[in-house]
Protein chains: 2
Amino acid sequence: MGKKRTTKERLIQAASQIFAEKGYRDTTVAEICEAAGANIAAVNYHFGDKSNLYRQVWEYLFALSAAEYPLPTDLIETDPEAWLRQFIRSRIEQIFCTGTPHRLPQLLHREMGEPTEMHESLFEKHLLPTHERVSQAIRQLIGPGVSENQLKLAHLNFMSLHIFLNVGHQKNKTSCQCRHRLPSTENPAELARQVEAFAIGGLLATRDLIHNTGK
Amino acid sequence: MGKKRTTKERLIQAASQIFAEKGYRDTTVAEICEAAGANIAAVNYHFGDKSNLYRQVWEYLFALSAAEYPLPTDLIETDPEAWLRQFIRSRIEQIFCTGTPHRLPQLLHREMGEPTEMHESLFEKHLLPTHERVSQAIRQLIGPGVSENQLKLAHLNFMSLHIFLNVGHQKNKTSCQCRHRLPSTENPAELARQVEAFAIGGLLATRDLIHNTGK
DNA sequence: GCGCGATTCAAATGGGCATTTGAAATGTTT
DNA sequence: AAACATTTCAAATGCCCATTTGAATCGCGC
């Protein structure tokens, strides 16, 4: 029999949904408590304050998502292109999935827009390892002879594709009729293929530019 | 001799700086008034309310920027690649310029993160025309035979590159040590060349994918 | 220099929201 | 079942900020 969820658990789960949907600042403590069926004082009792609850939500969503969408297994060394392709596919899959894990990209989307005070520490703790490995794969693909700055820029360009896809997708969901919306999301796999092509094509063109210029 | 600026002008100018630096929600009316050397009630007297001042700031920055960074002249039809390259270069130049016009990308960056209520109408009024022309150029380059959805996605991918570059650049300036920062901005022109290469390379790879798949 | 509309000013007003408080309810130990 | 700790509760409290107000001041035609 399912042990019924404690107030603390209900708070985290309600909060993860609402924070992801509306961002840190737009969600009120009252709202979370109501969604969790708890009293207004519950957040402060169980978590001290709102920002601490937010941190716990990150923990919760990251654990969830690391389990469902682990990084590609290591063919970084042997075939960086394949690794990067798989990385993108996995990200896009998560963005468009319907279960709880899709809340993580949602939350990241919010956090990107209006970084909270905890931003840096959260980033360092949860995102840095992935960041390093993507960097490594890109260097494998377009190096050697690429400078640190060129690598950083290529990395930024590469990441911007799926991050922005996420932005567009979130905009779709909030029904806001604004720029950078996505087309109706027919088939995520097909969409992923196109983004993959753009990303790899871009990286290879970058490599060519660097090598020809260098000569 | 310079006629001295009216309170209204001082408000708009102070506001354009502060809104661009901190975003709509994080800037207080009091702050703007102080920077403009005006009384706390000045904003409401001259503009009715904060949101209206914000709208005027958009007008102001768009007019400024349209004068300094007009869209490339029309070789869209004849050479879309060259047009797109020039478009990117011009954007990047504006992002890294030091005069007042760089506040526009800054403001757009903020607006993207936390859209205000006016977002859609502002977008429609100021950004839509450019949007249409970029779309047209991309279609020239990778069409024909590209579906509406494929075009939208390619457009999104294309735009994401310099928009995200802007994000990274803004992060640099706010001294926040977080992800997606740019390397120290040595030479914007060189940087622009690399982004150009990535963008065009990505679009061409997209074209190839679509054509081969279609066959 | 008088009168009057336009502007500026300092001091309220009021709403939204996180957090506190102290009392009530519930659970646990012996 | 008495004593104690944990958890819930409704009602404050206090802060921040946009906006209002009504009185003072300015600018200018006459």
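1. Which helices of chain A and chain B each supply at least two residues of the surface near DNA strand D? They are α3 (42-47) of chain A and α2 (29-36) of chain B. Helices here are DSSP runs (H or I, at least four residues), and strands are E runs of at least two, numbered from the N terminus.

2. Some ground rules. This is a predicted model: local features need pLDDT of at least 70, side-chain atom pairs count only at pLDDT 80 or more, and totals for chains, interfaces and linings use all residues. Residues are numbered from 1 along each chain as its sequence is written, while chains are lettered from A and ligands numbered from 1 in the order in which they are written.

3. DNA strand D. The surface near DNA strand D has nine nonpolar, four polar and two charged residues. For these classes, Ala, Val, Leu, Ile, Met, Phe, Trp, Tyr, Cys and Pro count as nonpolar; Asp, Glu, Lys and Arg as charged; the others, Gly among them, as polar.

4. DNA strand C. α2 (29-36) of chain A and α3 (42-47) of chain B each supply at least two residues of the surface near DNA strand C. The classes there are nine nonpolar, four polar and two charged.

5. Chain A. The chain has 10 helices and zero strands. Its C-alpha trace spans about 70 × 35 × 35 Å along the principal axes. The domain assignment gives domain 1 (1-61) and domain 2 (69-213); such bounds come from an automatic or database assignment. The centres of the two domains, taken over C-alpha atoms, are 29 Å apart.

6. Between the domains of chain A. 13 residues of domain 1 are in contact with 11 residues of domain 2. Contact means that C-beta atoms, placed from the backbone, lie within 7 Å. On the domain 1 side, α1 (7-22) and α4 (50-68) each supply at least two residues. That side divides into six nonpolar, four polar and three charged residues.

7. Chain B against chain A. 44 residues of chain B are in contact with 44 residues of chain A. On the chain B side, α6 (103-113), α7 (119-126), α9 (148-173) and α10 (188-214) each supply at least two residues. α10(B) gives the most, with 14 residues. By class, the chain B side has 23 nonpolar, 14 polar and seven charged residues.

8. Symmetry. Chain B superposes on chain A by a rotation of 180 degrees with 0.0 Å of shift along its axis (RMSD 0.0 Å). The two copies are thus related as by a two-fold rotation axis. In chain B, the C-alpha of B:G113 is nearest the axis, 1.7 Å from it.

9. Helix packing in chain B. The axes of α1 (residues 7-22) and α4 (residues 50-68) come within 9 Å and cross at roughly 90 degrees. That makes α1(B) roughly perpendicular to α4(B) (65 to 115 degrees). Residues in this contact include B:L11, B:I12 and B:F19 of α1(B), and B:L53, B:V57 and B:L61 of α4(B). The contact has nine nonpolar, two polar and no charged residues.

How values were computed:
Two residues are in contact if their C-beta atoms, placed from the backbone, lie within 7 Å. Axes are lines fitted to C-alpha atoms, for helices over the stretch in contact, and angles run from 0 to 180 degrees between N-to-C directions. Angles under 35 degrees count as roughly parallel, over 145 as roughly antiparallel, 65 to 115 as roughly perpendicular and the rest as oblique. Copies are superposed by least squares on the C-alpha atoms of residues with pLDDT of at least 70 in both.
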